[in-house]
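Me: I've got a two-chain model open and I'd like to go through the labels one by one. Can you tie each label to its cut-off?

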Amino acid sequence: MKRMQDYEISDRIPEKEWVPTHAQVRQYAEASGDFNPIHLDETYARQVGLGGVIVHGMLTMAQMAATLTNWIGEEGRVSKLEVRFEHMVRPGDAIKFSGFIRERSGNTLKCDIEAVNDKAKRVLSGVAHIDVLE
Amino acid sequence: MIGKESIGRESEPLLIRIKPEEVRRFTDATGNLFNDRVPPTFVVTLKQSGIPGVELPIPGMIHGEQKFTYHRQLYVGDALVCKKCIKDVYERVGKLGKMTFVVLETTGCDLAGELVFSSCSTLIAPSKGENE
């Protein structure tokens, strides 16, 4: 397996697919303490104009972060993670996480990251900096 | 309702220890592996003191942006002094009408006073009275 030290500019980070379920959203609400009804109550989510429940942005971001930390293992750490939530994610959407190394400065890999749904809409985009251990 | 007058308001600093069972529940819910390393986004779930005079979330509030900076790896069992602060509040008109943007910063320092992480959330809510 390729070591983190050996990654170079334009190398892609391992991709992951994820289909959030209502049960996962409930599980994240319990783990995070974020019981905002826009994630859990269909009627409420419609009343506030969201057209139905949406997945916590922070759950999608946590899944994105997991693709990074599972890839890095103990060969480095995430020093920066910044995303913009561009489109709402709903239970049942098929989300694909991907990214590539845009720049390497010293032992820091600067990656562009994104998540796209099955309608080819980008739901999340941003940057991650990974400090690779020497 | 939150407005410009809320900018600069802070929560009381709170000493928090990162508990293994809480990290375990988080990793189980998010596809992260459970080990001694705290997943980068876990810190948003830390229970903190509220900011006096500020009610969050506002009904219908959604998350626009989220940023984390880590100055070192955070480990299960670490103790942090955490504090929240309203960095900015502004309004912008978008396709859903007039919206209020709230920028909330959270910082965590270790017991030696060294900054371990900072987190910045941009939260978006319909401005009151505009969209009814």
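Me: Is the crossing of H1(A) and H1(B) left-handed or right-handed?

Reply: H1(A) and H1(B) cross left-handed. The label applies if the near helix is turned anticlockwise from the far one by less than a right angle, and right-handed is the clockwise case. Bear in mind that this is a predicted model, where local features need pLDDT of at least 70, side-chain atom pairs count only at pLDDT 80 or more, and totals for chains, interfaces and linings use all residues. Residues are numbered from 1 along each chain as its sequence is written, with chains lettered from A and ligands numbered from 1 in the order in which they are written.

Me: What makes H1(A) roughly antiparallel to H1(B)?

Reply: H1(A), residues 22–32, packs against H1(B) at an angle of about 160°, with the axes 9 Å apart. Angles over 145 degrees count as roughly antiparallel (under 35 roughly parallel, 65 to 115 roughly perpendicular, the rest oblique), so H1(A) and H1(B) are roughly antiparallel.

Me: Which residues make that helix contact?

Reply: From H1(A), A:Gln24, A:Gln27, A:Tyr28 and A:Ala31; from H1(B), B:Arg25, B:Phe26, B:Ala29 and B:Thr30. "In contact" here means C-beta atoms, placed from the backbone, within 7 Å.

Me: How many residues of chain B are in contact with chain A, and which element gives the most?

Reply: 25 residues of chain B are in contact with 30 residues of chain A. S2(B) gives the most to that side of chain B, with eight residues.

Me: What about S4(A): which strands does it pair with?

Reply: Nine bridges join S3(A) to S4(A), antiparallel, and S4(A) pairs with S5(A) over nine bridges, also antiparallel. A:Cys111 stands opposite A:Ala128 in S5(A). The hairpin of S3(A) and S4(A) has two residues between the strands, and A:Gly106 in the turn has a positive phi of about 60°.

Me: Which side chains of S4(A) point to the buried face?

Reply: A:Leu109, A:Cys111, A:Ile113 and A:Ala115 point to one face and are buried. Buried means 20 or more other C-beta atoms within 10 Å of the residue's own (12 or fewer is exposed, in between partly exposed).

Definitions and conventions:
Contact = placed C-beta atoms within 7 Å. Helix = DSSP H or I, 4+ residues; strand = E, 2+ residues; numbered from the N terminus. Axes fitted to C-alpha atoms, helices over the stretch in contact; angles between N-to-C directions. Pairing = 2+ DSSP bridges.
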